[in-house]
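This report covers confidence, strand pairing, helix packing and side-chain contacts. Please look over the sequence and the model before reading on.

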Amino acid sequence: MAAFPVGVYKRRDTITALPLYYSGHLLKKYTGEKDFKKCYGELRGSTIFLYTDQMHDTYSEKLDLQMLKSMAMDAPYQKNRSTIYTLTLSNEEVQLKVDNPNTGEEWRGFIMTVATREIPSKLQLLPGQILRLEEVLSEEQKRQAPCSPLPTNTYPIRPSSSSPGNTYDNTLSGIPPCFFPVSRQKAEKMLKENTEYGNIILRPSTDNTNYAITLRQDNPSGPVMKNYKVLSIDTGFVIELNSPVTVPSLAAVLDHFLMETEFRLEPFLVPQTYDTCIELPPEKSTLPSKTVPRARVAPMIHTQSPAGDTPPSYPIPLIPSKATEAGKEYQDADDISDPKPKDLHQELRIAVQRRKEQLYTGSPFLRPTQK
């Protein structure tokens with residue numbers, strides 16, 4: 001890689017917020033152009049940033065290698081001949097020319113490695129250069145690994161009524177209330193269907209590692225949707241414009257768009273409904289205690305036998321206290337005032353005698369005849 005002043009390197013590093021893998025002088029032309037133009041290229045992450053010369057710190061163009069469909073060499077590799085590569089992207093086709101064929105082979109190795117996340121099998125490179133490609137591949141795989149989603153609007157930034165320039169104040173999180181974790185298509189749909197809520201939405205970028213601004217401009221010819229990428233760096237955020245703008249916070253990103261549009265745009269804020277009256281909740285009702293029905297089974301009676309042991313006796317059946325239609329009223333055997341029998345035989349005789357009396361009482365035909 002070519003050497004250049006440290007100050008330029010630091011400014012480029014801040015603006016792009018991407019790791020530098022390779023750099024050098026290039027010749028570039030698009031399809032339809034006749035002549036190649038000189039430029040200085042840097043491969044940072046999966047993007048080639050093109051500068052007017054080596055001393056400029058702001059790039060003039062960039063090529064997103066994630067959109068690379070194919071890379072073809074116009075002629076076979078030859079040591080004494082310039083190398084020309086045709087890069088076919090999803091939206092354009094560009095040719096890169098390198099005067100030194102060895103440098104061109106390095107460019108091909110780095111471009112294909114970051115674009116496909118795989119080191120090409122056939123490269124005319126030295127072992128040290130292959131080792132560098134392995135390091136770049138490992139770093140790029142870590143950088144492109146899925147990360148956790150961006151935080152939601154936990155600490156909203158409230159509008160300030162003091163001055164239009166300080167529309168949003170910084171808070172602990174720095175996430176403005178117009179942030180929504182939605183895709184580009186969803187953000188554009190929200191702005192199209194809810195024009196009364198505002199026309200600027202802050203959202204995650206497509207790669208889910210940075211941010212983006214989606215806005216709707218109401219032109220005389222009709223509404224126009226625009227999207228801007230916001231890179232996250234250690235010292236703040238970079239708005240990717242023709243002249244990149246570095247700001248310290250996401251609130252400052254929003255302020256920049258508001259000031260540049262002379263406050264003709266408004267952040268997208270969904271109104272929330274709130275209650276205005278505190279009502280007294282009803283008292284908790286106490287459930288009545290359940291009454292356990294009394295058992296209608298007489299307790300088991302144990303009678304002392306003459307031999308000294310106490311054999312269990314069967315409970316005496318309940319005796320109806322009075323005749324009713326349902327026949328469900330009984331009196332307990334414990335309520336009988338007669339003295340307890342001394343043994344089982346006497347107990348049975350008493351029970352049989354009582355039953356006979358009841359039967360005789362209820363039916364005149366069963367009464368004993370007088371002798």
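Buried means under 20% relative accessible area, exposed over 50%, and partly exposed in between, with a 1.4 Å probe and protein chains only. Helices (H or I, at least four residues) and strands (E, at least two) are DSSP runs, numbered from the N terminus.

This is a predicted model: local features need pLDDT of at least 70, side-chain atom pairs count only at pLDDT 80 or more, and totals for chains, interfaces and linings use all residues. Residues are numbered from 1 along each chain as its sequence is written, and side-chain values use heavy atoms, with hydrogens and water left out.

## Confidence

pLDDT is the predictor's confidence in each residue, from 0 to 100. The protein averages 77. A score of at least 70 is reached by 70% of the residues. Strand β8 (residues 200–204) has the highest confidence, at 95. Strand β16 (residues 330–331) has the lowest, at a mean of 46.

Two stretches deserve a note. Over residues 148–172, pLDDT stays under 50. The model still has 50 contacts (heavy atoms within 4.5 Å) beyond four places in sequence for residues 148–172. Over residues 321–337, pLDDT also stays under 50. There the model has 19 contacts beyond four places in sequence.

Strand β9 spans residues 211–219 and is mostly covered. Seven of its nine residues are buried. Two strands pair if DSSP finds at least two bridges between them.

β8 and β9 run antiparallel and are joined by five bridges. I200 has L215 in β9 as its bridge partner. The hairpin of β8 and β9 has six residues between the strands. In this hairpin, N208 takes a positive phi near 65 degrees.

β9 also pairs with strand β10 (residues 222–233), in the antiparallel sense, over nine bridges. R216 stands opposite M225 in β10. The hairpin from β9 to β10 passes through two residues.

## Helix α4

Which residues of helix α4 are buried? In this helix (residues 184–193), they are A187, M190 and L191. Seen down the axis of α4, the buried residues fall within an arc of 95 degrees, so they line one face. The arc is that of the directions from the helix axis to the C-beta atoms.

The buried residues of α4 pack against β8, β9 and β10. Q185, K192 and E193 are exposed on the other side of α4.

## Aromatic rings and a charge

Rings of Phe, Tyr and Trp (its six-membered ring) pair if their centres lie within 6.5 Å; planes under 30 degrees apart count as stacked, over 60 as edge-to-face and the rest as tilted. The whole structure holds nine aromatic pairs. One of them, Y211 with F237, is edge-to-face, at 5.9 Å centre to centre and 75 degrees between the planes. Y211 lies in β9 and F237 in strand β11 (residues 236–239), so the pair ties together parts that are 26 residues apart in sequence. Y211 is buried at 7% relative accessibility. F237 is buried at 13%.

Y22, W107 and F110 form one aromatic cluster. The charged end of R12 sits over the ring of Y51, 4.0 Å from the ring centre. For such a case, NZ of Lys or CZ of Arg must be within 6 Å of the ring centre and within 35 degrees of the ring normal.

## P101

P101 has its place in helix α2 (residues 101–116). P101 is buried, with a relative accessible area of 5%. P101 and T83 are 18 residues apart in sequence. Their C-alpha atoms are 5.5 Å apart in space.
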